[in-house]
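Subject: Handing over the structure

Hello,

Here is the structure I promised to pass on to you.

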Amino acid sequence: MSKKNIIVTGGYGFIGSCLIRELLKDENLFVCNIDKLTYSSNTESIDSSNENYSFVKGDISDTKLLERTFLDFQPDIIFNLAAETHVDRSIDGPKNFIQTNINGTFNLLESLRFLNKKKIFTKLIHISTDEVYGDLKKGKADENYQYKPSSPYSASKASADHLVKSYIRTFNLNAVISHCCNNYGPYQFPEKLIPKMITNIFQNKELPIYAKGQNSREWIHVEDHCEALFRLYLKGKNGESYNVGSNKNLKNIDL
């Protein structure tokens, strides 16, 4: 069986690194990780000695780097996880979120269009977030739920989704979009809720709970999320969006 070439952008991030670890369990998959190594990257999260793994340091906003890497590697599939993801940081300084999440996605799509012109056809799995739906007062959002982003982060991800959908329709790109609930698991950056609480407990510090902790979130283990992403690679239909969740909701205070 010939090996499949897979590119993961943002592969040294929390979810990206988990996805790469899972992919490398299959000897028939060769994985190239493109990551610009920001504050939340963790190079110890992946065994770089694996013969089916390679790393390219770069920013998805660098069109020439993307086109060169895509042309050399000729990927069968691209998982796009390169993103700025922290809501509070997006409120403190939105600029990086616009640059990476919107402009970076645009450059990625243009590079895929470049590949198509070279008769190299690739499937894109664009990883978004359930936060594009905004705050739900009751019930759950399905894939046709109206977008109501409430932060620069979620607005930037919503913008990226619209770009992907437009390229599917206008340029006939093969792509699907996933919207996942809150992840937790190994190698998560400690600014996120669960690792922050655990770290503070170990350091005997206060546990910072926003308001009265009544905000409810749905949680999924990162390995379950990555299993869902692999299923989208195998069975996801072009142009479709897929919500990924566990159906396990907890109020922050209960968590």
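E110 is partly exposed, at 21% relative accessibility; buried means under 20% relative accessible area, exposed over 50%, and partly exposed in between, with a 1.4 Å probe and protein chains only. The side chain of E110 meets that of R113 in a salt bridge, at 3.0 Å from N to O. A salt bridge here is a side-chain nitrogen of Lys or Arg within 4 Å of a carboxyl oxygen of Asp or Glu. Both E110 and R113 belong to helix 4 (residues 95-117), where they sit 3 residues apart, about one turn of the helix. Helices (H or I, at least four residues) and strands (E, at least two) are DSSP runs, numbered from the N terminus.

Before going further, a word on the basis of these notes: this is a predicted model, in which local features need pLDDT of at least 70 and side-chain atom pairs count only at pLDDT 80 or more, while totals for chains, interfaces and linings use all residues. Residues are numbered from 1 along each chain as its sequence is written, and side-chain values use heavy atoms, with hydrogens and water left out.

How many salt bridges does the structure hold? There are 5 salt bridges, and the E110 and R113 pair is one of them. Another joins the side chains of R231 and E227, at 2.7 Å from N to O. These two residues are about one helical turn apart, because they lie 4 residues from each other in helix 7 (residues 222-235). An α-helix has 3.6 residues a turn, so residues three or four places apart point the same way. R231 is exposed, with a relative accessible area of 53%, whereas E227 is partly exposed at 40%.

A further salt bridge is made by the side chains of K36 and D59, at 3.7 Å from N to O. K36 is in the loop between strand 2 (29-35) and strand 3 (53-57), and D59 is in the loop between strand 3 and helix 2 (63-73), so the pair ties together parts that are 23 residues apart in sequence. K36 is partly exposed at 32% relative accessibility, and D59 is partly exposed at 25%.

**Helix 5 and what follows it**

Helix 5 (residues 152-171) has 20 residues, and at 1.5 Å a residue it should span 28 Å; its end C-alpha atoms are 28 Å apart, which agrees. The expected span is 1.5 Å times one less than the number of residues. Which residues of helix 5 are buried? They are Y153, S154, S156, K157, A158, A160, D161, V164, Y167 and I168. These buried residues pack against helix 3 (87-92), helix 4, strand 5 (123-127) and strand 6 (174-180).

Just after helix 5 comes N172, with a positive phi of about 60 degrees. N172 is placed in the loop between helix 5 and strand 6 and is exposed, with a relative accessible area of 61%. Q74 is also a residue other than glycine with a positive phi, near 45 degrees. Q74 lies in the loop between helix 2 and strand 4 (77-80) and is partly exposed at 43% relative accessibility.

**Two residues to look up**

Is S178 buried or exposed? S178, in strand 6, is buried, with a relative accessible area of 0%. Not counting residues up to four places away in sequence, S178 touches H126, I127, S128, T129, L229, L232, Y242 and V244; contact means heavy atoms within 4.5 Å.

Q214 is found in the loop between helix 6 (193-202) and strand 8 (216-221), and is partly exposed at 45% relative accessibility. Leaving aside neighbours within four places in sequence, Q214 is in contact with K251 and I253.

**A pocket**

The second largest pocket is lined by L193, I194, M197, I198, I201, L207, I209, N252, I253 and L255. By class, this lining has 9 nonpolar, 1 polar and no charged residues.

Happy reading, and do write back with questions!

Note on methods. On a 1 Å grid over the protein atoms alone, a cavity is a set of points where a 1.4 Å probe fits but cannot get out, and a pocket is an open set with protein on both sides within 12 Å along at least five of seven lines; lining residues have an atom within 4 Å of a point. Ala, Val, Leu, Ile, Met, Phe, Trp, Tyr, Cys and Pro count as nonpolar, Asp, Glu, Lys and Arg as charged, and the others, Gly among them, as polar.
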